[in-house]
Amino acid sequence: MNLPTTMLCTGLAFLTTISIGCSDSPPEGTVEGIVTLNGKPYDDAAVMFLDATTGQAAGTDIQDGGQFALKEPVPTGTYSVYLAPRTVPMEEGSPEAVKIDESVPEKYWNEASTDIQAIVNEGENSVTIELKKS
């Protein structure tokens with residue numbers, strides 16, 4: 001082989017190797033469900049998912065009736081589930097103070113203290129997040 005042909009073959013092999021390596025994305029799943037507090041739908045917060053192993057996180061505001069759906073698929077794995085204050089739209093003037101619903105036990109407002117876990121499998125996942133007052 002001459003030099004240009006060798007360079008072309010080497011370049012094609014390199015690009016093939018790179019493109020094969022890039023196509024190996026981790027399996028993902030969609031997540032939707034309901035949040036309850038003592039068996040009743042709860043919607044005064046956002047629900048957050050955190051995989052402590054990978055650092056992957058996602059969250060969304062809880063809708064009427066306790067319903068939620070993460071907007072994007074997330075990598076499969078085990079996620080700690082906790083609450084965060086709802087998204088507050090910015091308006092002109094003074095910023096609004098963030099409110100945490102004190103009727104919900106404090107442990108559910110922190111990823112380090114929550115005892116709720118959700119396993120996300122490949123494909124569609126429907127989960128029930130059950131908050132309980134002690």
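Guide: This is a predicted model, and two strands are taken to pair if DSSP finds at least two bridges between them. By that rule, strand 3 and strand 7 pair in the antiparallel sense, over five bridges.

Visitor: What stands opposite Phe 49 in strand 7?

Guide: The residue opposite Phe 49 is Val 81, which belongs to strand 7.

Visitor: And in which order do the strands of the open sheet run?

Guide: Four strands make up the open sheet, in the order 4-3-7-8, with antiparallel pairing. Strand 4 (57–61) and strand 8 (117–120) are the edge strands, each pairing on one side only. On average, and with direction ignored, neighbouring strands of this sheet are turned by 30 degrees against each other.

Visitor: Switching to the rings, how many aromatic pairs are there?

Guide: The count comes to two aromatic pairs. In one of them, Phe 49 and Phe 68 are tilted, with 5.9 Å centre to centre and 45 degrees between the planes. That pair links distant parts of the chain, since Phe 49 lies in strand 3 (residues 46–50) and Phe 68 in strand 5 (residues 67–69), 19 residues apart.

Visitor: Are Phe 49 and Phe 68 buried or exposed?

Guide: Phe 49 is buried, as is Phe 68. Phe 49 also forms an edge-to-face pair with Tyr 79, at 6.3 Å centre to centre and 65 degrees between the planes. Here too distant parts of the chain are linked, with Phe 49 in strand 3 and Tyr 79 in strand 7 (residues 77–84), 30 residues apart.

Visitor: Which residues form the aromatic cluster?

Guide: Phe 49, Phe 68 and Tyr 79 form one aromatic cluster.

Definitions and conventions. Residues numbered from 1 in each chain as written. Predicted model: local features only at pLDDT ≥ 70, side-chain atom pairs only at ≥ 80, totals over all residues. Heavy atoms only, no water. Phe/Tyr/Trp six-rings, centres within 6.5 Å; stacked < 30°, edge-to-face > 60°. Helix = DSSP H or I, 4+ residues; strand = E, 2+ residues; numbered from the N terminus. Buried < 20%, exposed > 50% of the residue type's maximum accessible area, 1.4 Å probe, protein only. Axes fitted to C-alpha atoms, helices over the stretch in contact; angles between N-to-C directions.
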